[in-house]
Amino acid sequence: MLLRRVSSKSLRRTQQSSSYLPSTPIISASTIVSSSNIFNKHENSDYKSYHQYTKHQSLPNPSAISSLFHVPSRSNSNDSTSQSSTPSPPENKGFWDGLIAKYGPQTTSAPMDYNRWNAVPFAVSTHLCLGACYAWSIFNEPLSRELGVVAASSQDWLLPQAVATFTGIIISQGLAMALFGKWVERVGARIAGVTGACLYGSGMLLGAAGVFTHQLPLLYLGYGAIAGCGMGIAYLPPVATLIRWFPDRRGLATGMAICGFGGGAVFIVSLKKMLLANNFKAPEYLGKASDVVTKRSETGSLMAQIGDKWSEVVQVTASEVSHISSTLQDGIYLVGTGSTGVAATMGTLGLGYLAITLTGGLMLKTPPPGWQPESMKVAASTDDGKPAAPPPVVRNVHVDDVMKTPQFWLMWTTFLSTATVGMGLMSCAKDVLGACLSSSPMVAAAGGTAAFAATYVQFLAMGNLGGRFIWASASDKLGRKNVFTIFTCVGAPLYFALPWIVSNAVGAESYAPLVLFYGSTIAIISFFGAGYSTVPAYESDIFGSKYIAAIHGRIMIASALSGITGPMIFTKLHDREEQKAIDDLATKVDPSAFMDKFGSPISELQRLYDAKAVNIPRLLELCPVDTIDPTPYLYDPAFRCMGVALGVGALANFAITPVDEKYYEKE
C-alpha cells in the first residue's frame, strides 16, 4: 500500500469519508486505527486535545480528530470507500478555524495538578454580572417617567414597554443558548467567553444610548437583543466547565455557577440605587400650579405657556413628588429638561460588566484529558488497595436525538413552569410590592412603599441566590426529581395564597401579613432560581453529560419563552384590572369635580387615561371617602394564573422516567 506524508494543514473540521493525517514520520497502515474509543474514555471528549498522543501510540482516524472541534457526528465513515486514491488540494482555513487552532478548547486545558477550586471565582464572577439583569425592575419606574422625570409625560414609555426590555434580554439569552450551544462546544470556553462578554457589554452601552436619545427600538436592540445574545453565549462555558471539574458533585457545581447568576441582583440593587441618585437631574421648575397658565392639548397632554410658546409640562402633588426626592416642590415641571439617571447608570454598569466578564472568559480553565478528582480515584480502589470493579458505563443521548425523547419535553415543561412564575414576578417585583402593600399602615409607618420596594427587590435577589446554591446542593442527596416536586407542589399553594395575604395586609395593624407576603414570594423566587441551577444536573442524570452544554442550550428555550409569558401575564392582567378599576371609580366621581380637576369632561376619560393624566390615586381624591382603593388587588389574577402554571409543571415532572434504550449513543 502506498503511504504518504500529509501536511497537518490538510486536516478539515467536517466529517468526510476521507481526510489527511498530521505530518508525522512514515507509518505503516497497521498503525492507522480508529481512536473513537480512546476519546470516549473521557466524558468530555470535546475538550480534549490530540497532542497528548505521541508517535508511540496509535493515531486516531481523521473523523475522531474532527470531534475535537465540534459536537461529534454519528455518521459512520469506516466503509470500504473511505480511502481516497487522489486527495484534493488543501483548502485555506477560515477565520474561525484559525481562531480555534490558536485559542480553541485544546489551549484551555489546565495542568494535571491544577486546583479545581481556582476555576470557581472566574465562573461565579461572570455569572454575577450576567445575573444583574434580574434587578431590572429598579429601572421600570424611572423609565416610565424618563422625559417628565418627576411624573410620566404623554411621550414617556408605558410600564409594559419598559418591562418588555427585560423580556427581550431573557428571550435573546435562551435563543442564543439554544442556537450556539454546539458552537460553544466547538470553539471552547475562551473564545465563547470573550465573544459573550463583548456582546453583553456593548449591548448594555447601546441600550444606554437608547435611553439617552429616548429611542425604544435602540434600547430593545442593545439591552434586549445584543446583550441577551452575549449573556446566553457567556452563560454556557462556566456551567459546563464546573460540571466537568466536579463530576463527583454535579449539583454543587451547577449551584456554584448559577447561584452567581441569581446573586448578581443582590449586589447590583444597592449600586443601581446609588448611581441613579448620583445621576438624577431635576427638571426645570415653573412654579406652583396656581401660578402657571396651563391647558390640555387635543391629545390630553398638559401644556404651559413659556414666552410665546406652549410646551408640555407635568403637574405633581406634594405626596407624589416626595417619593422621588425630598428636595423637590409640588407644582409644574417642564418636560424634557431633567434626567432620571437611567442612561448614565446603564452605561456605567455596562463598562463594569464588560471588564469582569472579559477577565472571566480569558482566565477560565478546563480539566486536562484523563483528569479525575481525588474522591473518584479513591472510589476506584478497594480497602485492601486492589482495584475495585470498574464503574458502570456512563451512557449519553446524542444532542441530535435528545429532542426526540419524551423526557426532554417533560423536563422542558417542568422547567418552563418554574421559570415562568419567577420571571413574571422578578420582571416587575418593585411594582408588585408597591401595589399590593400600598394600603398597609405598617409599610407607611416604616417609610412608605418606595423605601420598601427597593429593599424587597434585594430580598428577592437573596432568595434567588440562596435557592440556586442550597437547593442545587441538596439535590445531590434528595435527587433532582424530588426537588422539582418540592418547587412545583409547594410553590403552587404559595401563589394561590398571595391574594388572601394581600387582602389581610390592607388596613392591618400588624406585621404578620407583611412577613407572610415577603416569606411566600421569597420562597417562590428561591424555587425559580433553584430550577436554573438544578436543571443542568437533572439533564446530566437523564441524558448523560457528554453533550451537556448543547442539551442545556436547548432546554433553555423554555427560559426564553418564560421571558415572554411571565412578564406578559403580570403586565397584561394588571393593565386589564387597572382599566376595570378606573372605569369603576369614574362612576363614583362627580362630573363637575372631574371637569375642574382635569379640564375635560368625564366622557374624555379614556383619552386622559391614555395620556397618563388620569390614574387611580387622582380619581380616588374625587371619590367618596369610604371608597375602597383597588390598587392592592390588581395583581390577584396574575397570582392565581401562576399557581395553575406550577400545577402543570408538577404533573410533567411526575411523568419523567429513564430514557428508552434506543435513544442512547452506541458505544
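Two strands count as paired if DSSP finds at least two bridges between them, and strands (E, at least two residues) and helices (H or I, at least four) are DSSP runs numbered from the N terminus. On that basis, 5 strands form an open sheet with antiparallel pairing, in the order β1-β5-β4-β3-β2. The model is predicted, so that local features need pLDDT of at least 70 and side-chain atom pairs count only at pLDDT 80 or more, while totals for chains, interfaces and linings use all residues. Residues are numbered from 1 along each chain as its sequence is written, and side-chain values use heavy atoms, with hydrogens and water left out.

**Sheet**
- The edge strands, each pairing on one side only, are β1 (285-287) and β2 (294-296).
- Strand β2 is joined by 3 bridges to the antiparallel β3 (residues 302-306), where Met303 stands opposite Lys295.

**Cavities**
- A cavity is a set of points, on a 1 Å grid over the protein atoms alone, where a 1.4 Å probe fits but cannot get out, and its lining residues have an atom within 4 Å of a point.
- Grid points are joined across faces, edges and corners, and a volume is the space filled by probe spheres set on the points; the count comes to 3 cavities of 30 Å³ or more.
- The largest cavity holds about 70 Å³ of space, and of its 13 lining residues the closest to its centre are Thr126, Gly193, Ala234, Pro238 and Gly361.
- The second largest cavity has a volume of about 40 Å³, and its lining includes Cys133, Lys272 and Tyr353, with the largest share, 3 residues, coming from α10.

Methods: 1 Å grid on protein atoms, 1.4 Å probe; cavity = no way out; pocket = protein on both sides within 12 Å on 5 of 7 lines; lining within 4 Å.
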